[in-house]
Amino acid sequence: MKKIFTAAIIFCAAMMILGAKSFAAEFELVSYSAQVKLQWLANAGVPEAKKILNQIGTANIFEKGNLQDYDRLEKVNGIFQELAYESTLNYFNEKNYTNMFDIGGGYTPRAMLVAQAGKKYVGAELTAVAISASSVMQKILDANSYKNILYENVPVADKRAMLDLNGQICIVENGLMMYLPPENVDAMYTFSHEILKKHGGCYITSDFVAHELFTEIAAALYGEHDKEILYDETMTMYENLFGDEICNDTFDTQADAKKFLAAHGLKVEEVPLITDVSKLHCLKNLTPEQTEQIKQIAAKKYLWVITTAD
């Protein structure tokens, strides 16, 4: 593995949020966002997330003392994050991909599991977080597994850089689009088409249905009346973390999103998030009724598998 494919696909999001902030400020903000998602996964019971969080050695960013409605937000966000996380990892494994390109994955446990399986993991991150994540993984993994991981900051103007990997590429992205203004979403999918056209493979994400997925989970736990309240509270949490507005309304409908992808030479197949929920950790503390509802949500076609249409 030498360089990662291209240009703006990587951190259009963070670049727009951080602007010309210093290395330290860059690390602080992006690291906080990555750690919050890791925190939700760990609280949901994902053991790899707990291991990484312990290695980072930082306190929870949000807890009862500093986040109103913490208990409900923790549970909904934990389930939401685990469903998004597990769906991408499961699809990657089921289709037997050997290369994962993770856009803005931060400290995701996907890196650990992909590397331990002897497959290649490339994490596209800002320099500061890339250095930190690489160090964390080196401490957790054995030497043979760690050789399968590469974190890099893709140059924002280098359109020639491509992955030097054998086999098709599975591009994974979870939770990045809410930070992206429309022009950068456009750039991200322009370059995604280029890399998929050259190497083959797919781009998988549930970001296009994130609002619907989140509110369904919230309704299953706390009822229809509060589902939008919990969604708005979560968006406010992230906005407060960054001190900036979240761009979560790029497309009015899923049909608009599909037209946008088609205009970039891409097509969509919608597949179930998770067909086998037996390994989900987030179900352990739910009532039987809640568990059944989450299982039904997991079976819905909320994972978008994006491939080239030409």
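Biologist: Hi! Which residues of α9 meet which residues of α12?
Modeller: Hello! On the α9 side they are Leu213, Glu216, Ile217, Ala220 and Leu221, and in α12 their partners are Gln290, Gln293, Ile294 and Ile297. Do keep in mind that this is a predicted model.

Biologist: Thanks. How does that contact split by class?
Modeller: Between α9 and α12 there are six nonpolar, two polar and one charged residues.

Biologist: And at what angle do the axes of those two helices cross?
Modeller: Roughly 165 degrees, with the axes of α9 (residues 210-222) and α12 (residues 288-298) coming within 9 Å. An angle over 145 degrees counts as roughly antiparallel, so α9 is roughly antiparallel to α12.

Biologist: Is α9 passing α12 in a right-handed or a left-handed crossing, and what would I look for?
Modeller: The crossing is right-handed.

Biologist: Let's change topic. How confident is the predictor over the chain, as an average pLDDT?
Modeller: The average pLDDT is 84, and 83% of the residues score at least 70.

Biologist: Where is the pLDDT below 50, then?
Modeller: One such stretch is residues 1-27, which has 99 contacts in the model beyond near neighbours in sequence. Residues 155-163 are also below 50, and that stretch has 31 contacts counted in that way.

Biologist: Nice. Now rings: how many aromatic pairs are there?
Modeller: The count comes to 11 aromatic pairs. One of the pairs is tyrosine 189 with tyrosine 203, whose ring centres are 5.0 Å apart.

Biologist: Why is that pair called tilted?
Modeller: Because the planes of the tyrosine 189 and tyrosine 203 rings are at 40 degrees, and the cut-offs are under 30 for stacked and over 60 for edge-to-face.

Biologist: Last one! Which parts of the chain does the pair tie together?
Modeller: Tyrosine 189 sits in helix α8 (residues 182-199) and tyrosine 203 in strand β5 (residues 201-205), so the parts tied together are 14 residues apart in sequence.

Terms used: Residues numbered from 1 in each chain as written. Predicted model: local features only at pLDDT ≥ 70, side-chain atom pairs only at ≥ 80, totals over all residues. Heavy atoms only, no water. pLDDT = per-residue confidence, 0-100. Contact = heavy atoms within 4.5 Å. Phe/Tyr/Trp six-rings, centres within 6.5 Å; stacked < 30°, edge-to-face > 60°. Helix = DSSP H or I, 4+ residues; strand = E, 2+ residues; numbered from the N terminus. Axes fitted to C-alpha atoms, helices over the stretch in contact; angles between N-to-C directions. Parallel < 35°, antiparallel > 145°, perpendicular 65-115°, else oblique. Left-handed = near helix turned anticlockwise from the far one by under 90°. Nonpolar A, V, L, I, M, F, W, Y, C, P; charged D, E, K, R; others polar.
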